Each structure stands twice: as structure tokens, then as C-alpha cells.
Amino acid sequence: MFEIIPSIWLIDGKCVRLKRGDFSTQEVISNNPLAIAQQFESIGIKRLHLVDLDGARRGEPKNYHILEAISGYTDLKVDFTGGITTDGDVIKCLEFGAKTVTISSAAANYPERFAQFILSYGREKINLAADTNPSDNKIKIRGWLKKTSIDLYEHIEFFYERGLKYLKVSDVTRDGVMEGPNFELYKTVKEKFPQLHIAASGGVRGIDDFKALRDVGVQSAVFGRAFYEGMISVQDLEKFLTES
């Protein structure tokens with residue numbers, strides 16, 4: 001089954017949008033992330049990707065109160081990400097209501113620790129985010145502010161061999177600019193790791209992109225800006241969910 005997953009990006013407790021992860025492009029969409037989450041739930045969305053940008057920049061989660069509110073006042077399965085580095089961070093996220101956590105920087109900086117997270121908390125709760133610029137296929141971390149020398153496919157393979165099940169892949173050049181997803185990237189990842197549950201992120205412009213990603217074989221697609229700018233309407237989402 002193919003799933004569409006809206007994202008809410010947080011800075012100072014507010015819902016924002018960025019282009020290509022550039023914090024200087026920050027625009028506040030809403031001061032009430034809970035209301036946005038409730039709107040998604042009302043049309044049949046089951047899962048939410050909640051991005052703590054403050055946490056991503058600082059290396060530890062900051063917006064627990066928003067996680068707690070959305071988890072407490074909706075039935076959405078919240079996937080929380082942003083600065084999760086330690087066992088304590090993981091435990092706290094789960095205690096505040098996250099059903100899953102997605103980790104990027106800590107997996108790159110402390111691969112053995114992340115592998116241990118998979119063992120300790122289970123592969124259903126720990127997701128890997130692999131964010132890259134396809135010009136060099138190197139992993140980017142810390143809210144995409146920092147480039148590493150880590151190869152995308154070697155990075156995924158390391159954790160795949162250690163029990164990883166859920167992977168979110170982003171082409172950082174496509175995020176927030178609505179130029180369309182990097183279908184070739186997702187196709188290649190799917191071919192190399194057919195057993196992984198892959199979420200494609202970045203570049204979605206409309207419902208046709210969801211359909212094309214589904215045809216590529218990924219299991220889910222994360223979207224945000226296209227909805228917030230009105231390129232995807234509530235009615236579009238409802239229709240797609242009904243027909244899927």
C-alpha cells in the first residue's frame with residue numbers, strides 16, 4: 001500500500017517552510033501546528049512527519065511540546081525528526097508520543113550507535129534519513145547545513161545489513177522548490193535495496209507526482225510546500241486517499 005505523508009517543519013514552535021533546506025528562506029505558515037495536523041487527520045491522513053528544525057541545527061530536539069500536543073490531540077502516527085542523537089533523545093521522543101523517529105545526523109556521525117538503536121528499540125520505530133545532493137551522492141546532515149564525505153549507497157548498505165527497514169531519501173536540491181521528485185534517485189535506491197520500505201521526499205508538485213512515485217515502487221511520499229502553497233488542495237488529497 002502506498003502512503004502519502006504530510007510534513008510539518010518547526011522553528012520556535014511555528015510551522016514554517018524553506019527552500020532547499022536554506023534557513024534564510026524561512027517563511028512562517030502558521031502559529032498553530034496542531035490545527036494543521038488536525039486538518040490532515042480530518043481528511044483521512046494517518047501519518048505525519050514532524051521536523052524539528054531547531055533540533056536539527058542544535059543537535060538535540062527542542063519542540064517536544066508540539067510533538068506532545070499533536071500526539072495528544074490527534075490519532076496521527078507521528079514520525080519525529082530533528083537532532084535526535086542519544087538514547088535519552090529517543091526515549092523522550094517516544095514518551096512524548098512519537099510512534100517512530102527518523103534520524104540523519106547521528107546515523108552519519110555515530111553509525112554504531114544508530115545500529116544499536118535499531119536493535120534496542122526495534123526496526124519498526126527507528127527510521128534512517130539519507131539526504132543527498134545527487135551531484136556527488138554524499139550525505140548531508142544537521143538540517144542539510146553540513147556536507148559529509150559519506151557515500152549515499154554505502155551509508156544505506158551499512159544499516160541495511162544491520163536490520164534497517166525504513167528509509168527516507170531526500171534530494172536536497174528538490175526540496176521546497178516544486179521542480180518534481182528525483183525519480184531516478186528513488187528508482188536506483190529501490191533497485192539496490194528492494195526489501196527496504198522507502199519514503200521519497202522532496203519536489204512533489206501535485207497528485208500526479210504521487211502516482212509516479214507509486215509506480216517507481218517506493219512505499220510512501222512525504223510532501224509539504226505544494227500543499228501549503230495551494231498546488232495540492234484538501235480535495236485533491238481526499239480524492240487520492242479515496243481512490244488509493
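Strands are DSSP runs of at least two residues, labelled E and numbered from the N terminus. The legends below refer to a predicted model.

**View 1. Alanine 129 in strand E7.** Alanine 129 lies in strand E7. Its relative accessibility is 3%, and because buried means under 20%, alanine 129 counts as buried. Not counting residues up to four places away in sequence, alanine 129 touches Thr102, Ile103, Ser104 and Lys168. Arginine 17 is 112 residues from alanine 129 in sequence, and the two C-alpha atoms are 19 Å apart in space.

View 2. Strand E7 covers residues 126–133. Of its 8 residues, 7 are buried, so the strand is largely enclosed by the rest of the structure. In a regular strand, side chains alternate between the two faces of the sheet.

**View 3. Parallel partners of E7.** Strand E6, residues 100–103, runs parallel to E7 and is joined to it by 3 bridges. Within this pair, leucine 128 of E7 is opposite isoleucine 103. Strand E10, residues 166–171, also pairs with E7 in the parallel sense, over 6 bridges. Here alanine 130 faces valine 169 of E10 as its opposite residue.

**View 4. The E7–E8 hairpin.** Strand E8, residues 138–141, pairs with E7 in the antiparallel sense over 2 bridges. Threonine 132 is set opposite isoleucine 139 in E8. The two strands form a hairpin with 4 residues between them. In the turn, asparagine 137 has a positive phi of about 60 degrees.

Key:
Residues numbered from 1 in each chain as written. Predicted model: local features only at pLDDT ≥ 70, side-chain atom pairs only at ≥ 80, totals over all residues. Heavy atoms only, no water. Buried < 20%, exposed > 50% of the residue type's maximum accessible area, 1.4 Å probe, protein only. Pairing = 2+ DSSP bridges. Contact = heavy atoms within 4.5 Å.
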